[in-house]
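Visitor: I am new to reading protein structures. Could you walk me through this one?

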Amino acid sequence: MGALPYGLKPHLLGGGQVVPIDARSFRLEIPTLPHGYADAQVDDCKGRRRSQFAWAPPASLTLRARASHPAPPGTLGFGFWNDPFGLSLGGAGGMQKLPAAPQAVWFFYGAPPNDINFVSGGRGDGWKAASLRSPALPAALLVPGAALAFLAGNAPILRKWVVRAVQTAIPAAEAELSVPLSEWHTYRLHWETARVRCEVDGVTVLDAPVAPRGPLGFVAWIDNQFAVLSERTGIRFGIVPTTAPAWLEIGELEIRGSAVA
């Protein structure tokens, strides 16, 4: 496999592949998989502590992207994040660091049964631009707190309270995108210390005073997982079968900003 731009490293599970195209372009592919988890991901987080992640505001990201289907199963996306689970998305690569509260600014797609958002009243699936800024919490508090929230979030009598508490604790901004995933479009995000702006084909789709804490790493992926954070159905995670191969193609990737030494 040829070199990936910006020192990105692949994380692959379940037959996932990364196919370099040119110096700034690549394709992430997952196969037909009736059972089990498939992930094709690249990022610059592996082998680094979060304090060593590569990017801090002000930073910008520009790329062209298209997917194999208008509505592929699972999730896909690209942007900046803090690898909050201590591993690559969905489990690829194994535990590398303690979990952390999520920080992200990205373009994110989730097919049903994905039903997760941090904005009350927002849509839980679909193609979005989004920004999350969680409070800084030590892992010693975060891990048991997350476990308790998961358990309580699946108790019908507590479900609504827990989901609303999570949404209140994590300031977020989201905007639904109407452009077809299966067509080429140009995506750009601008990450400032206290504000983010996301554009599609030069048109601003999200401009919000909710910016994640840095430093963050770049990530792009496609997989067959789902996540639910819903007042109606609680908190849960899982995988969906893929009935045909699916891919996400990234072109003309350009990242600019305050690279962390």
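Visitor: Which residues does serine 60 touch, not counting residues up to four places away in sequence?

Guide: Contact means heavy atoms within 4.5 Å. By that rule, serine 60 touches Phe80, Leu189, His190, Glu254, Ile255 and Arg256. Before we go on, this is a predicted model: local features need pLDDT of at least 70, side-chain atom pairs count only at pLDDT 80 or more, and totals for chains, interfaces and linings use all residues. Residues are numbered from 1 along each chain as its sequence is written, and side-chain values use heavy atoms, leaving out hydrogens and water.

Visitor: Is serine 60 buried or exposed?

Guide: Buried means under 20% relative accessible area, exposed over 50%, partly exposed in between (1.4 Å probe, protein chains only). Serine 60 counts as buried because its relative accessibility is 17%. Serine 60 lies in strand 5, residues 55-67. Strands (E, at least two residues) are DSSP runs, numbered from the N terminus.

Visitor: How many strands form the open sheet?

Guide: Strands of a sheet pair through backbone hydrogen bonds, either parallel or antiparallel. Two strands pair if DSSP finds at least two bridges between them. Here 7 strands form an open sheet, ordered 1-4-14-6-7-9-10, with antiparallel pairing. Its edge strands are strand 1 (9-13) and strand 10 (172-176), each pairing on one side only.

Visitor: What joins strand 6 to strand 14?

Guide: 7 bridges do, and the two strands run antiparallel. Glycine 79 stands opposite valine 219 in strand 14.

Visitor: What joins strand 2 to strand 3?

Guide: A hairpin, through 2 residues. Strand 2 (residues 17-22) and strand 3 (residues 25-30) pair antiparallel over 5 bridges. Valine 19 has arginine 27 in strand 3 as its bridge partner.

Technical notes: Helices (H or I, at least four residues) and strands (E, at least two) are DSSP runs, numbered from the N terminus.
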